[in-house]
Amino acid sequence: MGVNSQSERIKPLNRRPVGNAGLVVYWMQASQRARWNPALEYAIQQANELDRPLVVYFGLTDDYPEANERHYRFMLQGLAETQQLLKERGIGLIVQRGSPEKGIVGLGRDACLVAVDRGYLRFQVEWRKYAADRLDCPLMQVESDAVVPVEVASPKEEFTAATFRPKITSRLKQFMAPLEEDEPRVKSLDIQLGSLDLSSLEDLVQSLDIDHTVGRVNKLRGGTREAERHLSVFLSERLEDYTRARNDPTKDGLSNLSPYLHFGQISPLWVALQVARTDARGRDSFLEELIVRRELSLNYVFYNRRYDDFQGLPSWAKTTLDEHNDDRREYVYSREELERSLTHDPYWNAAQTEMRIGGKMHGYMRMYWGKKILEWSDSPREAFEIALFLNNKYELDGRDPNGYTGVAWCFGKHDRPWRERSIFGKVRYMNAEGLKRKFDADSYAAMWSTQSGTSGRTQK
Ligand code: FAD
């Protein structure tokens, strides 16, 4: 990565001078990978300049908001591999139980400088602030999971992809550049600071005081190598036809990268560079999703602190939804009925089951899924909460800026007013006929029907 683009990724979170203590520490939180990680490379560079060993720290908390066994297993599969890959570079990764922001303050007493990657969600920002206020050495944040750093892409909350696209696109030339990787001069493998054993992963997962009711996902396994394998299959078999196939949930036409991007197990910049150098027909559509849409989500959660609340929606959407709050609903389902796929709609039930059992709903169905929750809930506010709850509980890629933005999109965010109708007001509507025009919706329903519950309905 060129010097220019790298320096715009770095931001001091406090004003402390470099200390005298013996370590440089990289607090790995959002970017859980050993390759193509700007925060890690920055920390290596600092350690080399200061002639200190670099230690990587990860705090494993049982209280990570809304995370359950499904998420922890996937994350720990990735961390075990990252520990191994860092070891090959002579760098020790210490994983300790406890709140990360407190753990880093403790470990920071032995550090002359701490680097951290960047997270956009409220609690991730608060964790970094907590540590910045308490560390006696500099805490340097390095943007590692956006192609273009969020404030560089735009200084304000954007209305739509159309307003955001020209801004971010104009910065791509500068930021779509390879990352220079260096090796640490002083190895840190012998430094014993006490780390959890990641080799018996299942024992560790079972020992965590977390929600164990959401089961494992069979199709997807965590880790950078798996992410790279998915990308390689996508590049050779699916990218060409991506523009068409991505709207067909009966086909395996997507990249499946979202869980890996969510846990920072693969670099979005690296993915973008791999895709950009092809001449596949689907290249531009894919880059639109990976860069414009994904980073528009970062823009939303960064500039709108109510990203997880109905109140965060644009005022036209709130007004129109409120005006239709009392409209008669033909179907109303409770959260539990929705959770167990017990609606009258086989396509919706299939999508919910794909998420609940498979851990990743097809992207096209996510829009329909969210719109129907709005249609079948007592009020738009309740619908918003239910959609976020289910998304974050069952999606392997949930609890992500993309999830908050995707749900908000179903309620009008980043969209424009459409023709007014019942319940939705001016918010865009979707129906099953639209699905059938795009793909073989009955085949999709059949793919998941054996695992779905029986149908049930209530009327208001
Ligand atoms: P691909 O089509 O292969 O896309 C590649 C990458 O581009 C994705 O991994 C993602 O980073 C980005 N991307 C694709 N579509 C979008 C989009 N619409 N908005 C922003 N970025 C996009 N995405 C999540 O990562 N986590 C979520 O919790 C999530 N929840 C959603 C909820 C709803 C109601 C909606 C409408 C969308 C949601 N999305 C979410 C966005 C999108 O559906 C997924 O990113 C995509 O389906 C992931 O599968 P993939 O990586 O195989 O997609």
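Mentor: Gladly! Let's start with a term: a charge sits over a ring if NZ of Lys or CZ of Arg is within 6 Å of the ring centre and within 35 degrees of the ring normal. Keep in mind that this is a predicted model.

Trainee: How far from the ring centre of Tyr-429 is Arg-421, which lies over its face?

Mentor: The cut-off for a charge over a ring is within 6 Å of the ring centre. Arg-421 lies over the face of Tyr-429, and its distance from the ring centre is 3.6 Å.

Trainee: Is the pair of Tyr-64 and Phe-123 stacked or edge-to-face?

Mentor: Planes under 30 degrees apart count as stacked and those over 60 as edge-to-face. The ring centres of Tyr-64 and Phe-123 are 5.0 Å apart and the planes stand at 90 degrees, so this pair is edge-to-face.

Trainee: Which parts of the chain does that pair link?

Mentor: The two residues are 59 residues apart. Phe-123 belongs to helix H5 (residues 122–134), while Tyr-64 is in the loop between strand S3 (54–60) and helix H3 (69–88).

Trainee: Is Phe-123 buried or exposed?

Mentor: Buried means under 20% relative accessible area. Phe-123 has a relative accessible area of 17%, so Phe-123 is buried.

Trainee: Why is helix H13 (residues 268–276) largely enclosed by the rest of the structure?

Mentor: Among the helices that cover its buried residues are H10 (224–238) and H14 (283–303). Helix H13 is largely enclosed because, of its nine residues, the number buried is eight.

How values were computed: Residues numbered from 1 in each chain as written. Predicted model: local features only at pLDDT ≥ 70, side-chain atom pairs only at ≥ 80, totals over all residues. Heavy atoms only, no water. Buried < 20%, exposed > 50% of the residue type's maximum accessible area, 1.4 Å probe, protein only. Helix = DSSP H or I, 4+ residues; strand = E, 2+ residues; numbered from the N terminus. Contact = heavy atoms within 4.5 Å. Phe/Tyr/Trp six-rings, centres within 6.5 Å; stacked < 30°, edge-to-face > 60°.
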